[in-house]
Amino acid sequence: MEIPFFKNILKDYPNFWKEYLAHFEHKKESNKYIVFDCESTGIDIENDKILSISAITIENNAIQINKFIEIFIHQNVALHNILKVDEEEKVIEVEGIIRFLNFIKNATLVGHAVGQDIEMINEALNRLDLGKLKNEYMDIAIMYQKFKELPEEMHTSLDQLCTIFKIRKSDRHTSSSDTYIMALIFLKLKRKLGI
């Protein structure tokens, strides 16, 4: 028996959200990952805002350079100086979120301390009265902990991982360069862990 109340709620969702949810009705591509990073005004989930999102696709254990997005979001806040967003086209937050959801579909998300970035996206979705991200995710910091059998409370920074895996740290602290660096580290850890 269908409950009319829930049917009406589903009808009220915007099309981009319905399209995003529809991807989870299909089988996920097991060889596809989306490595992503958010730059934001700070780490306070409720009060800070996303300034940029970058994401790159990994398929069949290869970084797909041509499957990359970088989104700069217009926010009415004072910006820190690690982003050169004045030179880039900026979109409003809802447009940035739509582009991100259209890009990731139902892929497994990958990042460093990825929970923070996911919560920033979820808070932006909350401001739109939508649900949370449905994607599975993997954290390269946790993957490294497992690989080295480190205690759970021992956190390895992205800079430390770059040093460990001999990856150049030029242009660190922009979402696009951090995304590419994380993709390289992810592939190395994936191979070492036999994933």
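Trainee: The expected span of a helix is 1.5 Å times one less than its number of residues; how far apart are the end C-alpha atoms of helix 3?
Mentor: They are 17 Å apart, which agrees with the 16 Å that the 12 residues of helix 3 should span at 1.5 Å a residue. Helices (H or I, at least four residues) and strands (E, at least two) are DSSP runs here, numbered from the N terminus. This is a predicted model, in which local features need pLDDT of at least 70 and side-chain atom pairs count only at pLDDT 80 or more, while totals for chains, interfaces and linings use all residues. Residues are numbered from 1 along each chain as its sequence is written, and side-chain values use heavy atoms, with hydrogens and water left out.

Trainee: Which residues of helix 3 are buried?
Mentor: Buried (under 20% relative accessible area with a 1.4 Å probe, protein chains only; exposed is over 50%, partly exposed in between) applies to E93, G96, I97, I98, F100, L101, F103 and I104 in helix 3. An α-helix has 3.6 residues a turn, so residues three or four places apart point the same way. Just after helix 3, K105 takes a positive phi of about 50°.

Trainee: And what does I104 touch?
Mentor: Leaving out residues up to four places away in sequence, I104 has contacts (heavy atoms within 4.5 Å) with Y20, I34, L109, L133 and N135.

Trainee: Changing topic, how many residues are in the largest nonpolar core?
Mentor: A nonpolar core is a set of buried Ala, Val, Leu, Ile, Met, Phe, Trp, Tyr and Cys residues joined through side-chain atoms within 4.5 Å, and the largest one has 29 residues, with F36, I53, L101, I104, I121 and L133 making the most contacts inside it. Two or more residues each come from helix 2 (15-22), strand 1 (32-40), strand 2 (50-59), strand 3 (62-73), helix 3 (93-104) and helix 4 (114-127). A second, separate core of 22 residues includes I181, M182, F186 and L189.

Trainee: Back to strand 1: how many of its residues are buried?
Mentor: Nine of its nine residues are buried. K32, I34, F36, C38 and S40 point one way from the strand, and Y33, V35, D37 and E39 point the other way. In a regular strand the side chains alternate between the two faces of the sheet.

Trainee: Why does D37 count as buried?
Mentor: D37 counts as buried because its relative accessibility is 7%. Beyond residues up to four places away in sequence, D37 touches S52, I53, S54, D117, T174, S175, D178, T179 and M182.

Trainee: Which strands pair with strand 1, and in which sense, parallel or antiparallel?
Mentor: Strands pair if DSSP finds at least two bridges between them. Strand 1 runs antiparallel to strand 2, with nine bridges joining them, and I34 stands opposite T57 in strand 2. Strand 1 also pairs with strand 5 (residues 108-111) in the parallel sense over three bridges, where V35 stands opposite V110.

Trainee: What about strand 3, what joins strand 2 to it?
Mentor: Eight bridges do, and the two strands run antiparallel; I56, for example, has F68 in strand 3 as its bridge partner. Together they form a hairpin with two residues between them, and N60 in the turn has a positive phi of about 50°. Strand 3 is also joined by two bridges to strand 4 (residues 90-91), this time in parallel, with K90 in strand 4 as the bridge partner of F72.

Trainee: Last one: how many helices and strands does the protein have?
Mentor: The protein has seven helices and six strands, and along the sequence they follow the pattern α-α-β-β-β-β-α-β-α-β-α-α-α. Of the 195 residues, 44% count as buried.

Key:
The expected span of a helix is 1.5 Å times one less than its number of residues.
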